[in-house]
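Please examine the sequence and the three-dimensional structure shown below.

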Amino acid sequence: GRDKEKKDMGELNSRFANYIEGVKLLEAQNKCLVEEVEKLRKMKGWDGQRIKEEYEDEIQEARESIKTMSQELAPLQAKNMALQDKLDTQDDEINGLRKQIDSIHADMDKMKQIVGDLEGECSVLRLENESLSKENDQLKKDVQR
């Protein structure tokens, strides 16, 4: 029991020491990298403030453009919605007119059929009238004799 605990503690201490050594190595590398970055910034003259100042005007212009465009967009969206509503209303009206036109065409077809039937009936009556007229003329001739 006790020996196993000592052995386990020894392993844990060894692992912990390795971990601490790794952290110290990484800290040292990090410090070197930070120093190198600072050195490069100073050489090139770049620092956070300079970058901020360089792009601040452009960022402000972009913000103002976005604000202006947003303000211009709102009435355009409202106008678009109104036009869409008007278009929907006109579509409904057009569909109503199409139905009326279809109904009128159907009525015209019925009327054409009725006119055709009446014309046929007139033709038959004319023929009958001619036949009766001839018969009447013949009877008059017969009576006169």
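In which helix does E54 lie? E54 belongs to helix α2 of this predicted model.

E54 has a relative accessibility of 36% and counts as partly exposed. E56 is likewise partly exposed, with a relative accessible area of 40%. Both residues contribute to a patch of negative charge on the surface, in which E53, E54, E56, D57, E58, E61 and E64 gather.

The position of E56 may also be described relative to R15. In sequence, E56 and R15 are 41 residues apart. In space, 50 Å separates E56 from R15, C-alpha to C-alpha.

Attention now turns to charges that pair. Side chains of opposite charge can pair when their charged atoms come close. How many salt bridges does the structure hold? The structure holds one salt bridge. In this salt bridge the side chains of D8 and K4 meet, at 3.4 Å from N to O.

Where do these partners stand along the chain? D8 and K4 are both in helix α1, which comprises residues 2–44. Because D8 and K4 are four residues apart in this helix, about one helical turn separates them.

Technical notes. Residues are numbered from 1 along each chain as its sequence is written. This is a predicted model: local features need pLDDT of at least 70, side-chain atom pairs count only at pLDDT 80 or more; totals for chains, interfaces and linings use all residues. Side-chain values use heavy atoms; hydrogens and water are left out. A salt bridge is a side-chain nitrogen of Lys or Arg within 4 Å of a carboxyl oxygen of Asp or Glu. Helices (H or I, at least four residues) and strands (E, at least two) are DSSP runs, numbered from the N terminus. Buried means under 20% relative accessible area, exposed over 50%, partly exposed in between (1.4 Å probe, protein chains only). Patches are made of residues with over 30% relative accessible area and no salt bridge: like charges are joined within 9 Å, nonpolar side chains (Val, Leu, Ile, Met, Phe, Trp, Tyr) within 5 Å. Accessible areas come from the Shrake-Rupley method with a 1.4 Å probe; for residues, only the protein chains shown count as cover. Lys and Arg count as positive and Asp and Glu as negative; His and the chain ends are not counted. The place of a charge is taken as NZ of Lys, CZ of Arg, CG of Asp or CD of Glu.
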